[in-house]
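Hi there,

Here is the structure I promised to pass on to you. Have a look at it first, and then read my notes below.

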Amino acid sequence: MKLLVVEDDRETASYLQKGLGESGYLVDRAGDGRQGLFMASSGGYQAIVLDRMLPQMDGLSMLSALRAADIRTPALILSALGTVDDRVKGLRAGGDDYLVKPFAFSELLARLEALLRRGSATPATTALRVADLELDLLTRTVKRGGKPIELLPREFRLLEYLMRNAGHVVTRTMLLEHVWDYHFDPQTNVIDVHVSRLRQKIDKNFDRPLLNTVRGAGYCLRLPE
Amino acid sequence: MVAEKLLSPAAARPWSWPRRLPANLRRLVRAHAVRLAALYFLVFAASVLGVLFFVYWTSADFVERQTEATLDAEISGLSEQYAQRGLSGLVQIVAARSAGDRGDAMLYLITDPNGRPLAGNIAGWPAGVPARTGWLSFSVESKSKGHIETDPARGRLIIISGGYRLLVGRDISDAAAFRDRVKTTLLWSGLAALGVGLLGGAAMSRKLLRRVELVNRTSERVMAGNLSDRVPLDGTSDEFDQLAANLNRMLDQIERLMTAMREVTDDVAHDLKTPLARLRARLELALIGPLDATAQSEAIRAAIDEADRLLATFNALLGIAEAEAGAGRDEAGPLDLGEIAGAAAEFYEPAAEEKGFALSLAAEPEVRIRGDRHLLSQTLHNLLDNALKYAGGGDLSIRVFRADGRAVLEVADRGPGIPEADRHSVFDRFVRLEPSRSTPGNGLGLSLVRAVARRHHGTVALADNQPGLKVRLEFPAFAAPPSA
């Protein structure tokens, strides 16, 4: 997996290169927007991580230019500008995800993985399956081991998102954004309560728990090794 | 070296006002009020001159024109006589008219072709006057009060058949005197009017300048740091007084904002210093502590948590600042408060139940306001968070309804409530009523609530729920345009 990091701050860039490298990515770095545009359009990257405020050409112009040239490499914008307006601008310019600096590295990794999966997922899925857990998007029913499980609508949405990202870490912020469309920090452990409710329903009467907590990062739906 | 020093500044300076011109004179010339007064004076002077000229034309000139008209009438009368009775008849008439002073200052003279007088009241052909038909100006000698004087006269000559000349004229010394008099009068009154205009203009612009100068001096003092200085009012409530009053109100607003900002900065500095000191201490302890991997990673984790809390505080402050900056801005879309409340209730329901609350939602349909969904959701989340943190359990109700054309959102709990004395200060940044500060939180939740309420032209009020706390947010209701 080859990634392009477009970041002018040397320290942040080397932190990203080191962290992403340890997670198994090959990372190239561009120091300004023009170089970033050149490298991104020469292709070969699975995803782009880019800063907004860059010398020569700012991140959003670079992204717009890239999208105008019909290059659809998924892009994650990293920025210190964090208001809702800033996010909307970033996503309109062609960004696929938006993460506000400073960020937890686990958050960045989880979001990058989700981005990379989104590129390969077939959009016309009507059913999701993880081990013996099945979710039917058309009838909106859930079964585990053939036994139907009753879920509230919000629990269904939560499970759907977890199943679409099965095997990968999903952070609390990602759940907040994608399941509830809330773009601000939670003050209390509301998300944890939602997840534990869901866990009660899908894991309680079964031997092998599927919904795992990843300490310091978030949750992951998968079979334990 | 010396020559260079002397020359260079002069060479560098293009021509401007002479340097020795007193500064306040230069300012006076530049001042807009003076230019305005000068322009006004020019217009004034032109109109005064116009009026004077008109008066002159209708009075002095009128007399002259009347003289000419009289002479014309006389000549046409004599011409008729001549046509009927010939030269001798004409001579007779002229002789008759010239006899005796009739007091009308008319002058007659008939001469033969050589200029010898035949009849008339002028002694001889006036010297130096050419004998051609048309209007003539000449002078006659007259006796008055015992001595002879020369008077100006105006007349018309016609040559009748055989080269005989008939001159009919009039002594215009009275008219000339009248004209001179009118001229002098007009000149003096014109000068007086212009003088008054000039003085008045100068006085007016001075008065204007003085008041502008007052405003200027006050702004300079304010800019120099004396924020509580104000422009003096003179109580006339004219435009200048209104300008001064508006400036003063603006200065009040600025001063209030500056004070508020200073307070906020102090609060921020104070409340962020404590967690930063803790963070530093933790890192220092990890550095000097035992080289045990688990202990070290535990210390680092604790430091990261501390940093996260700091960041959360920063984000909350930025959120408040953003909401406050947008105050008064009209948001685009109408929102259903009931929908926002419903989503929040659904989001909080499990956590509330876990903590022993009975969360209920009663929302009237179609309670709409103009607003920002994210900010309003966050506001409601802050209120629910507070209830979960401090109320301990029991009924927790969210109500959305209309009252007196306002959209109302109420969150009420059965907790300890907030004493009346504190109900105002809790909205300030970093204010936490719990002295021990044992519950997590940064004291910014209600500050955001108030900022969001203000941004939406709304109000927030705390009340006693008997027992418990009732937070009531009121917004102007969005009135849907009538559907066609």
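**A strand and its neighbours**

Ile77(A) stands opposite Tyr98(A) in E5(A). This is a predicted model, where local features need pLDDT of at least 70 and side-chain atom pairs count only at pLDDT 80 or more, while totals for chains, interfaces and linings use all residues. Residues are numbered from 1 along each chain as its sequence is written, and chains are lettered from A and ligands numbered from 1 in the order in which they are written.

Strand E5 (residues 97-100) of chain A runs parallel to E4(A), and four bridges join them. (Strands, E, of at least two residues and helices, H or I, of at least four are DSSP runs numbered from the N terminus; two strands pair if DSSP finds at least two bridges between them.) E4(A) also pairs in the parallel sense with strand E3 (residues 47-51) of chain A, over four bridges. There, Ile48(A) stands opposite Ala75(A).

Is strand E4 (residues 75-79) of chain A buried or exposed? Five of its five residues are buried, so E4(A) is largely enclosed by the rest of the structure. (Buried means that 20 or more other C-beta atoms, placed from the backbone, lie within 10 Å of the residue's own; exposed means 12 or fewer, and partly exposed is in between.) Ala75(A), Ile77(A) and Ser79(A) point one way, and Leu76(A) and Leu78(A) the other way. In a regular strand, side chains alternate between the two faces of the sheet.

Enjoy exploring!
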